[in-house]
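Here are my notes after a look through the model you sent. I've kept them to a few numbered points.

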Amino acid sequence: MTIHPTATVDASVTMADDVVIGPWCVVGPGVALAEGVELRGHAVVERDTIVGPRTVIHPFAVVGGDPQHMGYKGETVRLEIGADNVIREHATLNRGTPQGHGVTRIGSNNMLMTGAHVGHDCVVGDNVVMANNATLGGHTVVGDKVFLGGLCAVHQNGRVGEGAMVGGLSAVTRDVIPFGSVWGNHARLHGLNLVGLKRRGYGKADLRRLLGAYREMFEGEGAFADRLDAAADEYADLPEIMRIIAFIREDSKRPLCLPER
């Protein structure tokens, strides 16, 4: 391992042999750094945090900080970060709370850009991009392959389904369906994330069917629950639509982000 002489590393820290800790970094008690982890100059990992393999934490990021919760009284809570993440300058990732899960979890292959914030007890999936200053309130759940635009903010207890896109500057006060595209203040649903779906290899025929199902569910006539039932029958062979329907039917603490009608 390579530890710069100006770094401060607690005696309880466990780390792989090839970890690199740059100048003026601070690594606190209860931290575990897996193989290939790199902390660049002035990065801070406060305490009780697992940093997964090959994750890179850039200058002035603060990872594993105390939860920003009025009820937190110093209890032992954790942050768990997966593999191959890039955490850029001034990003902040807080540990969980006893009132929540006791742990904040970040998946793998994520890019958290400058100033991104992950609040206490959040669960973030894999292959997520949080652009500059994107913010997740406490207890937010973000699915895989989500894009969160710069300066957007997701309300605490919110859900952003897999493959969704949130536009920059959006105030997300309602749950975002999987593969949905939302933007605005307050954010409204404006269709499917077609750019993301194309990047994942969906062809024109696939997109036509997905868009047809979306329109029947969100733009059709009659009660919303009846439209969901009809779509579940008609599009049972489309796993993406079935995941959207399952997401909508789950219990949630937030209302659903819907199109304007």
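**Notes on the model**

1. Starting with helix α2, the residues buried there are Leu207, Leu210, Leu211, Ala213, Tyr214, Met217 and Phe218. Looking down the axis of α2, these buried residues fall within an arc of 160°, so they line one face of the helix. An α-helix has 3.6 residues a turn, so residues three or four places apart point the same way. On the other side of α2, Lys204 and Arg208 are exposed. Bear in mind throughout that this is a predicted model.

2. The geometry of α2 looks like this: the helix covers residues 204-218, 15 residues in total. From first C-alpha to last, α2 reaches 21 Å, close to the 21 Å expected at 1.5 Å a residue.

3. Now the pockets. How much space lies in the largest pocket? About 250 Å³. Its lining is made up of Asn127, Val129, Lys145, Val146, Phe147, Gly163, Met165, Asn193, Val195, Gly196, Arg199 and Arg200. By type, that lining splits into five nonpolar, four polar and three charged residues. Helix α1 (residues 194-199) gives the most to the lining, with three residues.

4. The second largest pocket has a volume of about 200 Å³. Around the second largest pocket sit Gly100, His101, His139, Val141, Asn157, Gly158, Arg159, Asp251, Ser252 and Lys253. Its lining divides into one nonpolar, six polar and three charged residues.

5. On cysteines: how many disulfides does the count come to? The count comes to zero. A disulfide would need a pair of cysteine sulfur atoms within 2.5 Å. For Cys152, the closest cysteine sulfur is in Cys257, 12 Å away, which is too far for a bond. Is Cys152 buried or exposed? Cys152 counts as buried, at 1% relative accessibility. Cys25 is buried as well, with a relative accessible area of 0%.

6. Last, a loop to look at. Gly71 lies in the loop between β11 (62-65) and β12 (78-81). At 22% relative accessibility, Gly71 counts as partly exposed, because the cut-off for buried is under 20%. Gly71 and Gln99 are 28 residues apart in sequence, and their C-alpha atoms are 8.0 Å apart in space.

Technical notes: Residues are numbered from 1 along each chain as its sequence is written. This is a predicted model: local features need pLDDT of at least 70, side-chain atom pairs count only at pLDDT 80 or more; totals for chains, interfaces and linings use all residues. Side-chain values use heavy atoms; hydrogens and water are left out. Buried means under 20% relative accessible area, exposed over 50%, partly exposed in between (1.4 Å probe, protein chains only). On a 1 Å grid over the protein atoms alone, a cavity is a set of points where a 1.4 Å probe fits but cannot get out, and a pocket is an open set with protein on both sides within 12 Å along at least five of seven lines; lining residues have an atom within 4 Å of a point. Grid points are joined across faces, edges and corners, and a volume is the space filled by probe spheres set on the points. Helices (H or I, at least four residues) and strands (E, at least two) are DSSP runs, numbered from the N terminus. Ala, Val, Leu, Ile, Met, Phe, Trp, Tyr, Cys and Pro count as nonpolar, Asp, Glu, Lys and Arg as charged, and the others, Gly among them, as polar. The expected span of a helix is 1.5 Å times one less than its number of residues. The arc is that of the directions from the helix axis to the C-beta atoms.
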